[in-house]
Amino acid sequence: MANKVIMAIGAHIGDMELTVGGVLATHALKGDKIITVALTGGEKGNPPHLTIDAYRKQKEQEAHTFANMLNGEAIIFPYQDGSLPNNDEVKFKVCDLIRQYKPDVILTHWKNSMHKDHINTHYIVKDAQFYAGVPGFVRKDKPHFSPVYYAENWEDVEDYKPYVYVDIELGYELWLKALRTHWFVTNSKSFKYLEYYDHLSFVRGCEARKVRAQTFMIDEHAKKIIRDSF
């Protein structure tokens with residue numbers, strides 16, 4: 001059986017590493033290909049001892065370190081934190097990545113958020129998914145359609161209701177080890193990122209009758225349970 005390709009697309013470096021990193025690490029240990037995509041650097045949360053530009057460079061290195069620890073690949077777009085445009089330029093760049101890497105699944109932000117970059121990323125990915133799958137949009141690579149799942153994020157909680165639970169016990173330790181390479185995860189004074197997402201994975205694991213789990217939403221039209229009979 002061919003290995004899967006899992007693509008996680010976040011607004012900022014660190015978004016997907018936190019919210020779906022356990023899933024990514026679990027798939028990595030199964031031999032699947034991991035691609036993380038950050039549409040901005042997330043650099044404007046810079047600590048007092050670093051300039052915005054210096055922190056961007058540090059975060060880019062952190063993104064590559066995390067991906068390398070999962071034998072994956074990190075892709076970082078040049079847009080600035082807080083200024084991610086929601087336009088076709090970005091959407092077709094993401095479309096081209098989808099066609100190039102042909103992911104079996106795409107993980108990204110839920111549509112409701114306190115952060116404009118998260119909201120824009122959601123709609124960028126949705127349109128990119130459409131563009132990538134339609135043959136009429138002629139690009140370098142052939143069309144490819146990937147289903148999209150939406151990650152659980154403390155900043156994206158409005159109307160978020162866990163629908164899909166994914167067992168991450170296998171990749172849990174690798175996830176935490178890789179996550180600690182991100183400065184803000186362990187050093188932020190505004191939010192206890194590591195503790196929150198670590199404990200959340202335990203709670204979701206309890207709900208799923210597993211040791212650890214991460215959850216996702218899907219589009220309403222995709223919520224179908226089809227049976228031949230009971």
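This is a predicted model: local features need pLDDT of at least 70, side-chain atom pairs count only at pLDDT 80 or more; totals for chains, interfaces and linings use all residues.
User: How many of the eight residues of helix α6 are buried?
Analyst: Helix α6 spans residues 172-179 and is mostly covered. A residue counts as buried under 20% relative accessible area. Y172, L174, W175, L176, A178 and L179 fall in that class. The number of buried residues in α6 is therefore six.

User: Which elements are included in what covers the buried residues of α6?
Analyst: The cover comes in part from helices and in part from a strand. The helices include α1 (15-19), α2 (21-29), α3 (52-69), α7 (183-187) and α8 (193-207). The strand among the covering elements is β7 (213-217).

User: Is α6 roughly parallel or roughly antiparallel to α8?
Analyst: Two packed helices are described by the angle between their axes and the distance between the axes. The axes of α6 and α8 come within 12 Å and cross at roughly 170°. Because angles over 145 degrees count as roughly antiparallel, α6 and α8 are roughly antiparallel.

User: Which residues of α8 do Y172, W175, L176 and L179 of α6 meet?
Analyst: The contact of α6 with α8 has six nonpolar, one polar and one charged residues. On the α6 side, the residues are Y172, W175, L176 and L179. Their partners in α8 are L194, Y197, D198 and S201.

User: Which element gives the most to the lining of the largest pocket?
Analyst: The largest pocket has a volume of about 480 Å³. Of its 26 lining residues, G42, G45, Y55, F184 and Y193 are the closest to the centre. Two or more residues come from each of α1, α3, α7 and α8. With three residues, the element that gives the most is α7.

User: How do the residues of the lining of the largest pocket divide by class?
Analyst: The classes in question are nonpolar, polar and charged. The lining divides into ten nonpolar, ten polar and six charged residues.

User: Which elements each supply at least two residues of the lining of the second largest pocket?
Analyst: The second largest pocket holds about 180 Å³ of space. Its lining consists of K4, I6, V23, H27, D104, V105, L107, Y149, V164, V166 and F216. By class, eight of these are nonpolar, one is polar and two are charged. The elements that each supply at least two residues are α2, β4 (105-108) and β6 (164-167).

User: Which element gives the most to the lining of the largest cavity?
Analyst: The structure holds two cavities of 30 Å³ or more, and the largest has a volume of about 70 Å³. The residues that line the largest cavity are T19, E152, W175, Y197, L200, S201, R204, A213, Q214 and T215. Two or more of them come from each of α8 and β7. The element that gives the most, with four residues, is α8.

User: Which residues lie nearest the centre of the second largest cavity?
Analyst: About 60 Å³ of space lies in the second largest cavity. At least two lining residues come from each of β1 (5-12), α1, β2 (33-40) and β3 (73-79). The lining divides into eight nonpolar, four polar and one charged residues. Of its 13 lining residues, those nearest the centre are I13, E17, T36, V37 and A38.

User: What separates the C-alpha atoms of H199 and R212?
Analyst: H199 is placed in helix α8 and counts as exposed at 52% relative accessibility. H199 and R212 are 13 residues apart along the chain. The separation of their C-alpha atoms is 9.3 Å.

User: What is the phi of N71?
Analyst: N71 is placed in the loop between α3 and β3. At 66% relative accessibility, N71 counts as exposed. Most residues other than glycine have a negative phi. N71 is not a glycine, yet its phi is positive, at about 55°.

User: Does K102 count as buried, partly exposed or exposed?
Analyst: K102 lies in the loop between α4 (88-101) and β4. Its phi is near 50°, a positive value in a residue other than glycine. The relative accessibility of K102 is 39%, so K102 counts as partly exposed.

Terms used:
Residues are numbered from 1 along each chain as its sequence is written. Side-chain values use heavy atoms; hydrogens and water are left out. Buried means under 20% relative accessible area, exposed over 50%, partly exposed in between (1.4 Å probe, protein chains only). Contact means heavy atoms within 4.5 Å. Axes are lines fitted to C-alpha atoms, for helices over the stretch in contact, and angles run from 0 to 180 degrees between N-to-C directions. Angles under 35 degrees count as roughly parallel, over 145 as roughly antiparallel, 65 to 115 as roughly perpendicular and the rest as oblique. Ala, Val, Leu, Ile, Met, Phe, Trp, Tyr, Cys and Pro count as nonpolar, Asp, Glu, Lys and Arg as charged, and the others, Gly among them, as polar. On a 1 Å grid over the protein atoms alone, a cavity is a set of points where a 1.4 Å probe fits but cannot get out, and a pocket is an open set with protein on both sides within 12 Å along at least five of seven lines; lining residues have an atom within 4 Å of a point. Grid points are joined across faces, edges and corners, and a volume is the space filled by probe spheres set on the points.
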